[in-house]
Amino acid sequence: MARIFIYIKHHFKFIWEGIEQFNSLLFCLLYGKKMERSLVILNQNKLSDFSFRVIETEDLSKLALFFKKQPHDSFLYFKPHDFDYKSLRKQMANKAFLMIGCFLNNQLVGYCFVRFFFNRQAFRGKIVDVSYQGQGIAKEMGRLTFLISKNMGFRLFATISKKNVKSIASSKAVNTIRIVKELPDEYLYVEYL
């Protein structure tokens, strides 16, 4: 099933957009309040001088700039959506797509997301500014996305390239990983336990 959705997402954008709209509406009706209650986890966690919070509309310009500043190779394995302001704003309108930022003072230094589906499955992704890697930010984002999903009663999944050694190591540092299946192009479909 995951393989079909991944294929649709990358080859039939208009169908994927319809799926996303339907899912957003259903998710909001079924789990909107539960997500709001689960976000308190963000306020209870802090990594050194870094803080984590939901991306707000006023953060979208910073987020677009964050993506623009990253080197090209940062996106070899991270392509969950487009990175321009208009696309980010559209993504934010999706109630089943939780966008979280890692901030140092008021500077955005990391981004992660959880894409929820009404069938109680969720998928996560994360990226850290190249200048702030190696400080535990990706691990903390992995931990937070897992806790939020678990708190809501969702199973958490991701697709990870076998070549993305940093992401695999970061994930294994805070979660037990179960490989659900191997996907084309040397990707793994994993569940975080």
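Trainee: How many of the 193 residues of the chain, as a percentage, count as buried?

Mentor: Buried means under 20% relative accessible area, exposed means over 50%, and partly exposed lies in between, with a 1.4 Å probe and protein chains only. Here 48% of the 193 residues count as buried. Keep in mind that this is a predicted model, where local features need pLDDT of at least 70, side-chain atom pairs count only at pLDDT 80 or more, and totals for chains, interfaces and linings use all residues. Residues are numbered from 1 along each chain as its sequence is written, and side-chain values use heavy atoms, with hydrogens and water left out.

Trainee: What do buried nonpolar side chains tend to do?

Mentor: In soluble globular proteins, they tend to be buried together. A nonpolar core is a set of buried Ala, Val, Leu, Ile, Met, Phe, Trp, Tyr and Cys residues joined through side-chain atoms within 4.5 Å. The largest one here has 34 residues, and Phe 27, Phe 52, Leu 98, Phe 116, Ile 137, Ile 148 and Met 152 touch the most other members. Helix α6 (residues 137–152) gives this core its largest share, six residues. Apart from it lies another core of 17 residues, including Leu 63, Phe 67, Phe 78 and Leu 88.

Trainee: Which residues is Phe 52 in contact with?

Mentor: Contact means heavy atoms within 4.5 Å. Leaving aside neighbours within four places in sequence, the partners of Phe 52 include Leu 42, Leu 47, Ile 100, Ile 137 and Leu 144.

Trainee: Is His 81 buried or exposed?

Mentor: His 81 counts as buried because its relative accessibility is 10%. You will find His 81 in the loop between α4 (60–69) and α5 (85–93). Not counting residues up to four places away in sequence, His 81 touches Phe 67, Leu 88, Gln 91, Phe 97 and Tyr 111. The C-alpha atoms of His 81 and Gln 91 are separated by 7.9 Å, and the two residues are ten apart along the chain.

Trainee: Where does Asn 105 lie?

Mentor: Look in the loop between β3 (97–104) and β4 (107–117). Asn 105 is not a glycine, yet has a positive phi of about 60 degrees. With a relative accessible area of 71%, Asn 105 is exposed.

Trainee: And what is the phi of Glu 186?

Mentor: Glu 186 has a positive phi of about 65 degrees, although it is not a glycine. Glu 186 sits in the loop between β7 (177–183) and β8 (187–192), and is partly exposed at 42% relative accessible area.

Conventions:
Helix = DSSP H or I, 4+ residues; strand = E, 2+ residues; numbered from the N terminus.
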